[in-house]
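I opened the model to go through its chains and write down what I looked up. The entries follow in the order I took them.

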Amino acid sequence: MPGPRGNMLGRPMPKAKDPGKMFRRIMGYVMKDYAPHYAIVIVCIITSVLCSLQGTLFMRELIDKYITPFLLNEDALPNYEPLAHAIARVAVFYAIGIVASFIQARLLIRITQGTMESMRNDLFEKMEKLPIKYFDTHAHGDIMSIYTNDIDTMRQMISMSMPQCFNSAITIISVLISMIVLSPWMTLVTIIMVGVMLGCTGYAAKNSGKHFVRQQKQLGTVNGYIEEMITGQKVIKVFCHEESGIRKFNELNDELFDAAKKANTYANALGPINAQLGNLSYVLCAITGGALALSGNVSVGSVASFLSLNKSFNMPISQVAQQFNSIIVAMAGAERIFGLMDETPEVDEGYVTLVNVKKVSGEKLEETLERTGVWAWKHYHKDTDTTDYKPLEGNVVFDGVDFGYTDEKMVLHDIKLEAKPGQKIAFVGSTGAGKTTITNLINRFYDIQDGKIRYDGINVNKIRKDDLRRSLGMVLQETCLFTGTIADNIRFGKLGATDDEVIAAAKLANADEFITKLPDGYNTMLTGNGASLSQGQRQLLAIARAAIADPPVLILDEATSSIDTRTERIVQEGMDKLMHGRTSFVIAHRLSTVRNADCIMVMEQGRIVEKGTHDQLIEMKGRYYTLYTGNSIA
Amino acid sequence: MVRRILSEVKEYTLPSLITPLCMILEVAMEMVVPYLMASIIDYGVYAGNMNHILKTGLFMVLAAIVGFIGGILGGKFGAVASTGLARNLRKSMYENIQTFSFSNIDKFSTSSLITRLTTDVTNIQNSYQMILRMAMRAPASLIAAMFMAFYINARIARIYLIAVFILAIFLVCIMLSATKIFRQAFPKYDELNESVQENVTAIRVVKAYVREDEQISRFKKASQAIYQIFCKAEGKVVLNGPVMTLTVYTCILTISWIGAKMISVGDLTTGELMSLLAYCMNILMSLMMLSMIFVMITMSAASAERIVEVLNEESDLKNPENPITEVKDGSVSFKNAAFAYNYDKGGKPVLENINLEIKSGETIGIMGATGSSKSTLVSLISRLYDVTEGSVSVGGVNVKEYDLEVLRNAVSVVLQKNQLFSGTILDNLRWGKEDATEEECINACKMACADEFISRMPDGYNTRIEQGGSNVSGGQKQRLCIARALLKSPRILILDDSTSAVDTATDAKIREAFRTMIPGVTKFIIAQRISSIQDADRIIVLDNGHVNGIGTHDELLKNNEIYREVYESQTGGSGDFDETEVD
């Protein structure tokens, strides 16, 4: 397909430009379907945090209220009853906490997986609406990785990072309050240490983030290299090019190793930094607390409680720090996801639609919901407020069409042609003359810059794209089949087709013969673009697929070029039957296949240089004559 | 399997060994800390001994520093070891793939090789790092904490033992049932990816037939299947949390109750109770870690399997012991040759009883219906596949006796499914001959009729080719591929349907150039167009893996039915063609 392709090497850097905006959009997604769920999650988080805080505070109670009295009145018979009550009370809190965290976890799974599902679905729905140009200008591997790698970053983000941050925030606030109540001085020490902790974490995180970005970029390069080389593996073998391929691969691989090594080293440092600074903070608090207890300012139980609060305070901070990298990665992923979602979809301002009609009182057409098999264009005229019906015939006119894939460079100039219903128009010319490009225009895969294309007298820009395309059959240069049975693939052309229709279409395309020879016949499963079939067999299926759709206009792009000539002749007969009564545009290199065309267009560098029937063109002894006789000189 | 993966650690063995040692150091310090904390409370705070607090505090700071060093070094060496293993795995796999024969390549799909080299290696890297850093750490921490707990108070420590036992059973059950579901998830992911891939590559077909809605609903089905399976699997994993907290809380309460009683009778100190509670957390956290490692290992086992498959795949084409390093001439002979794909698995022969004698310098046309094994026949000449019966000789020597590289340099093949690589046109041409001068390249291009369009490009021979050659047309690509093959100055040139997208006039010019400029080279031309082969010295007609006829154009026209039928179908047998035929 000679079309424009963008620079495939220009993979976007995995770094979000506006993390705040990305975060809001992710939240928007979560809230769209799961707002009540999320509200419950938040309630659960608060509940479980408060419950576990109760547990921590219980330590003080345990020591001050129950244990210390035992130690003080050594002679008295200890009364265990209040202790049993206290334990029972805490047990209830604990139970509530467990239930809350269980509900929270269960709900988060649904929220996470559900959000990922709806993002995937929205991505796909959006992708299906994008213009062909998008697919021609983006590396296919890159588009696919959005569905896998980038969506995957959301899992960590939604199920871990977001609740963790929220949980941590609540824990930090509630613990902070308890700490201040217990001892402002010890709180001050703790907070100073947290400052140190954040500083160190920030340093390590910044460095690891930098190398993670580098790692992602290198990973992209290595992936790209592998993809290209493995795809061309057979060519490498034929040219004994293995050695230099390995050299280049090793270079790229080593760079990736270096980035990954550094990124992981810094990321791994986060844990020990936080843990040991936490220990340090504990020691300093113990010293301060010890001094305070000695001077009688606080109770021993308070110091013990405070020390465990100190741990509870440091833990969430280091947990948030641990999430830092996955947040960076998720933001980069979100940017790519929303980047695709924000692409401009194919615009369709067409209002002329294709409807079933029946004839009433002689010639007048009337719209009907019945499947009459008779179709007409329903055209509403705004200025006169009338609707008229034009029967679907298959008349196609190009009127001074100019086209370029980019505005700067035109590839087609002033194309003029008319195909009357049932006529066969053939395009010939050397490679790169623009023959294939023409087929991209009738169905509006690309919009033309100047001139007009009319279908049954209606400007194609006014026709609804779906209806326009439904009225056109296509067999493309490269055959694409889908995973499913052979029958499914033929049915792609007409969804509700019966088995008989499928077989009839296959027979017309001469595909029936090879299909019935397969062990599973029409139910043979095809995978990987029909890898188990030969190129010719795949094309036969593509022809059958077009045959079953039964459109009034056909576009055949070198459809028969790699079917062997014997099969091709039989296909040709079928195709001739199929083309009978249909307007057809055929592109082929073999002049013999286009000789019975009603009009042959000879193209050269984006222009039609000669047109006419075979006999007329031979008579002219021009470009066509050279091309044609080239067929038999050599 | 594990041994095969580990054998790739190589130069990263030392870091791999140091990492767990560092982690043990960190764990040891983590164990000491609660003990010191208890000491601070008991003998410092309660006893009112500030000196003791300061002294023990100093020890704690020292322990923290040692632990920090252990942690940092463990992290660093862990990173080096795991990313190093990943590097070696990628390297070994890539190098092994380069030794693959065509039939090895056919066995693995391209996309699966790519996944193995990327995603699967990353999986292994992550689990290896996890195992190095945690596998020693978690059991060490578990045992040490247990030991300390028993040291402080054996009676209470027994509670831990029971708790650990119960918890371990629960965790194993949960994990086993979860991994079973996770395994089902992988094929579902493949389905989803397939759907995306097909829609990306076949978007023109989807749009041409207005099947967007149908494809969307198909995708949604796959997408929903993943949602359900993950909800189910993670729903099980998530039980871990509550079971774990339940055990922790139960332990804390039981210990508080028993501990308080023991303190009242003087069997336990307050500080000891505090440190026992801290060890309790340690023990249960280690268990949690162990269960996570368990999941990681089972999840990455599938990746390891797929990697080992590639590493252990042996090329079924071996260089002979004392290879012949010179190809004398371009003569080719087939003796009773037969070939079957997947022969060892009982594949049916696609070529049988092939006997051919081809002289050096001959031009041989090959034609036949789709699936008549034309491409397979010529693949045997450069030993892209080995014959399953009989033999193939080049220059009078069996192809199996040549050095593979020598043979393939002498036999230049232009594949039917050809490919250009990203880089300039010159770069691509030099695949044929690494040190080719620009002049040599231009000459080859002139012969392949590629010079005319290259010199029209703004950057000429320095024009960049995009990945897969997407910025040149099909015909231009074919001509570049022919030029690339010519640069090898081969003894035998094989064109496998290589001019199908080239117009007939150019096609004729290329063949004319072959005849006048490289007359000594044996040429095999596979084509659908009779015009491409009708002037060949001899034409082989293949039918269903057998030679149906062999001879010149005129001979075959007379006595070969298949050939005549094809000829007539292409010429239409009509009068006006005869007028234009120049003979």
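**Sheet in chain B**

I started with an open sheet of four strands in chain B, which has the order β2-β1-β4-β5 and antiparallel pairing. I noted that β2 and β5 (397–398) of chain B stand at the edges with a single partner strand each, so one side of each is left without a neighbour in the sheet. The model is a predicted one, and I read the entries below with that in mind.

I then went through the pairings of β1(B). Strand β1 (residues 332–340) of chain B pairs with strand β2 (residues 349–358) of chain B in the antiparallel sense, over six bridges. In this pair I found V332(B) opposite I358(B) and S333(B) opposite E357(B). I kept one general point beside these entries: in a regular strand the side chains alternate between the two faces of the sheet.

How many bridges join β1(B) to strand β4 (residues 389–394) of chain B? I found five, and the two strands run antiparallel. Here A338(B) stands opposite E389(B) in β4(B).

**Helix α15 of chain B**

Next I looked up helix α15 (residues 438–447) of chain B, whose buried residues are C441(B), I442(B), A444(B), C445(B) and M447(B). Which helices do the buried residues of α15(B) pack against? I listed α14 (425–429), α16 (451–454), α17 (474–486) and α18 (504–517), which belong to chain B. After α15(B) comes C449(B), and I noted its positive phi, near 55°.

**Chain B as a whole**

I counted 22 helices and 12 strands in the secondary structure of chain B. Its domain assignment gives domain 1 (2–312) and domain 2 (332–418 + 492–580). The C-alpha centres of these two domains of chain B lie 59 Å apart.

I looked up the dimensions next. The C-alpha trace of chain B spans about 120 × 50 × 50 Å along its principal axes. Chain B has a radius of gyration of 36 Å, whereas a compact globule of 583 residues would have one near 25 Å. Buried residues make up 49% of the 583 residues in chain B. Among contacts in chain B with a separation of 6 or more, 78% come from residues 24 or more positions apart.

**Contact between chains A and B**

I turned to the interface and found 130 residues of chain A in contact with 139 residues of chain B. Which helix of chain A gives the most to the side that touches chain B? I found helix α7 (residues 242–294) of chain A, with 29 residues.

For chain A, the domain assignment gives domain 1 (19–341), domain 2 (353–391) and domain 3 (396–630). The C-alpha centres of domain 1 of chain A and domain 3 of chain A lie 56 Å apart.

**Confidence**

I left the scores for last. The model has an ipTM of 0.77 and a pTM of 0.73. Chain B averages a pLDDT of 83, and 96% of the residues score at least 70. Among the elements of chain B, strand β10 (residues 522–526) has the highest mean pLDDT (93) and helix α22 (residues 575–580) the lowest (30). Residues 573–583 of chain B have a pLDDT below 50, and this stretch has 13 contacts in the model beyond near neighbours in sequence. Where pLDDT is low, the predicted coordinates should not be read in detail.

Key. Residues are numbered from 1 along each chain as its sequence is written. Chains are lettered from A and ligands numbered from 1 in the order in which they are written. This is a predicted model: local features need pLDDT of at least 70, side-chain atom pairs count only at pLDDT 80 or more; totals for chains, interfaces and linings use all residues. Domain bounds come from an automatic or database domain assignment. Two residues are in contact if their C-beta atoms, placed from the backbone, lie within 7 Å. A residue is buried if 20 or more other C-beta atoms lie within 10 Å of its own, exposed if 12 or fewer, and partly exposed in between; C-beta atoms are placed from the backbone. Two strands pair if DSSP finds at least two bridges between them. pLDDT is the predictor's confidence in each residue, from 0 to 100. The radius of gyration is taken over C-alpha atoms; the globule rule is 2.2 Å times the number of residues to the power 0.38.
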